[in-house]
Amino acid sequence: MQWDDSKNRGFSSSDEIYLPVDPKGPSVAEQKDDADSLYNRLKEVISLRHQYEDLKASSPLTIIHAKKGSYPFVYGRGDMVLAVNPSEETTALNKEDFAKKEILYQIGEVTLQDSSLCMYPQSFVIMKSEEK
C-alpha cells in the first residue's frame with residue numbers, strides 16, 4: 001500500500017527508485033478515514049494480535065479443516081479458532097471445535113450457532129471461548 005499521491009506515492013522523493021510503485025493502488029491517505037478500508041482492517045487485526053497471546057506467531061498452530069478444493073480453511077491458535085472462506089460461494093461446516101466459541105472478529109458475513117459455522121463469500125472469522 002502506498003502512502004499518498006505525492007511523487008513515488010510517498011516512498012521517496014528520488015527520481016530513481018529501486019522498486020516501482022502502483023500508480024492506481026490504494027494509499028494510506030485515501031483509506032485512513034474509511035472504517036471498512038484495508039488499512040483500518042489491518043490495524044484492527046494487529047491490535048488483536050497484541051491483545052491475545054493465542055494470536056501471536058509463537059502460539060501453536062493446529063489445522064482443523066483443510067480439504068483440497070473445499071472451504072472454509074479452519075485452523076486453531078491456542079484457544080482461538082480462525083476460518084477463512086476466500087471463495088465466491090457460501091460454505092458451512094459443523095465441528096465440535098466451534099462449540100462454546102463466540103465471534104471475536106469477522107470480515108464479511110459469518111454466522112456461528114452451536115457447532116455450526118456458516119461463512120458467506122470472501123469472509124474471515126476469529127472465534128474465542130465464550131466468557132463464563
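Where is Pro72 found? Pro72 sits in strand β2. This is a predicted model: local features need pLDDT of at least 70, side-chain atom pairs count only at pLDDT 80 or more, and totals for chains, interfaces and linings use all residues. Residues are numbered from 1 along each chain as its sequence is written, and side-chain values use heavy atoms, with hydrogens and water left out. Helices (H or I, at least four residues) and strands (E, at least two) are DSSP runs, numbered from the N terminus.

**Sheet**

- An open sheet is built from 5 strands in the order β1-β2-β3-β8-β5, with antiparallel pairing. Two strands pair if DSSP finds at least two bridges between them.
- The edge strands are β1 (61–67) and β5 (101–107). Each has a single partner strand, so one side of each is left without a neighbour in the sheet.
- On average, neighbouring strands of this sheet are turned by 20° against each other, direction ignored. Axes here are lines fitted to C-alpha atoms, for helices over the stretch in contact, and angles run from 0 to 180 degrees between N-to-C directions.
- β1 pairs with strand β2 (residues 70–77) in the antiparallel sense, over 5 bridges.
- Lys67 stands opposite Ser70 in β2.
- Strands of a sheet pair through backbone hydrogen bonds, either parallel or antiparallel.

**Backbone geometry**

- Tyr71 and Pro72 are joined by a cis peptide bond, with omega about 10°.
- Arg9 is not a glycine, yet has a positive phi of about 55°. Arg9 belongs to the segment before α1. Its relative accessible area is 8%, so Arg9 is buried. Buried means under 20% relative accessible area, exposed over 50%, and partly exposed in between (1.4 Å probe, protein chains only).
- Lys100, also a residue other than glycine, has a positive phi near 60°. Lys100 is in the loop between β4 (91–94) and β5. Lys100 is exposed, at 65% relative accessible area.

**Salt bridges**

- The whole structure holds 7 salt bridges. Each is a side-chain nitrogen of Lys or Arg within 4 Å of a carboxyl oxygen of Asp or Glu.
- Lys101 and Asp79 form one, at 3.4 Å from N to O. Lys101 lies in strand β5 and Asp79 in the loop between β2 and β3 (80–85), so the pair ties together parts that are 22 residues apart in sequence. Lys101 is buried at 11% relative accessible area, whereas Asp79 is partly exposed at 41%.
- Salt bridges that share partners join Asp36, Arg41 and Glu44 into one network. Within it, the closest N and O atoms of Arg41 and Asp36 are 3.6 Å apart. Asp36 counts as exposed, at 59% relative accessibility.
- Glu53 and Lys56 also meet through their side chains, at 3.1 Å from N to O. Glu53 is exposed with a relative accessible area of 53%, while Lys56 is partly exposed with 25%.
- Side chains of opposite charge can pair when their charged atoms come close.

- Ser37 lies in the loop between α1 (28–31) and α2. Ser37 counts as buried, at 4% relative accessibility.
- A polar atom of the Ser37 side chain lies 2.9 Å from the backbone oxygen of Gln31.
- Leu42 is part of helix α2 (residues 38–51). Leu42 is partly exposed, with a relative accessible area of 47%.
- Met1, Leu38, Leu42 and Ile46 make up a nonpolar surface patch, with about 370 Å² of accessible area together. Patches are made of residues with over 30% relative accessible area and no salt bridge: like charges are joined within 9 Å, nonpolar side chains (Val, Leu, Ile, Met, Phe, Trp, Tyr) within 5 Å. Accessible areas come from the Shrake-Rupley method with a 1.4 Å probe; for residues, only the protein chains shown count as cover.

- Gln2 lies in the segment before α1. Gln2 counts as buried, at 8% relative accessibility.
- The C-alpha atoms of Gln2 and Val28 are separated by 6.4 Å. Along the chain, Gln2 and Val28 are 26 residues apart.

Terms used
A polar contact is a pair of N or O atoms within 3.5 Å; within protein, one must be able to donate a hydrogen and the other to accept it, and residues adjacent in sequence count only if both atoms are side-chain atoms.
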